[in-house]
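Below is a walk through one protein model, beginning with a pair of packed helices and ending with the chain as a whole.

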Amino acid sequence: MAAYSIISFLLQFKDRHNGNIMIDDAGHILHIDFGFCFDIAPGGIKFERAPFKLTGEMVAVMGGSTDHQSFKWFEELCVKAFLASRQYCEKLSQVVQLMMDSGLPCFKPESVRHFKDRFVLDKSEREAADFMRDLVKKSHSSYSTGIYDQFQLLTNGIPY
């Protein structure tokens, strides 16, 4: 879940409803629809304002509260993964840059800059850790995630 959360944040996966998020036999979380990432969202509307999807149901699996040891472990893994990823920002940005001429609509002129900005390289390691903890908090308390799940249920019958 932590790895999915960091990757989802960095690549800006959108259309994050439960029809696009699966769990394999080993319990790994998988996102299966990459039609909306980087700088585009379904219908051009940014319903999903949360940095990544972290619903009440996901927290329930992690012990049911943000005070539970399992949730704290998730948060700590998010911080460690984010801090570890920062050293690869330039190499990863080069991969994004290679895709700029792909013709895919998610790659816009500002995509590489926005991607790099998400690594918050201007912050110290401690500040970057606090930044990630804040993203976890914002994702968990996101009203828009719940609204988007409701929208998907009403329009597409996708239960959450």
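**Helix packing and overall make-up**

Helix 1 (residues 2–11) packs against helix 3 (residues 69–86) at an angle of about 50 degrees, and their axes lie 8 Å apart. Axes here are lines fitted to C-alpha atoms, for helices over the stretch in contact, and angles run from 0 to 180 degrees between N-to-C directions. The model is predicted: local features need pLDDT of at least 70, side-chain atom pairs count only at pLDDT 80 or more, and totals for chains, interfaces and linings use all residues. Residues are numbered from 1 along each chain as its sequence is written, and side-chain values use heavy atoms, leaving out hydrogens and water.

From helix 1, Ala2, Ser5, Ile6, Phe9 and Leu10 meet Phe74, Leu77, Cys78, Ala81, Phe82 and Ser85 of helix 3, contact meaning heavy atoms within 4.5 Å. By class, this contact of helix 1 with helix 3 has nine nonpolar, two polar and no charged residues (Ala, Val, Leu, Ile, Met, Phe, Trp, Tyr, Cys and Pro count as nonpolar, Asp, Glu, Lys and Arg as charged, and the others, Gly among them, as polar).

The protein as a whole has seven helices and two strands, taken as DSSP runs (helices H or I, at least four residues; strands E, at least two) numbered from the N terminus. Along the sequence the pattern is α-β-β-α-α-α-α-α-α. Of contacts between residues at least 6 apart in sequence, 69% join residues at least 24 apart.
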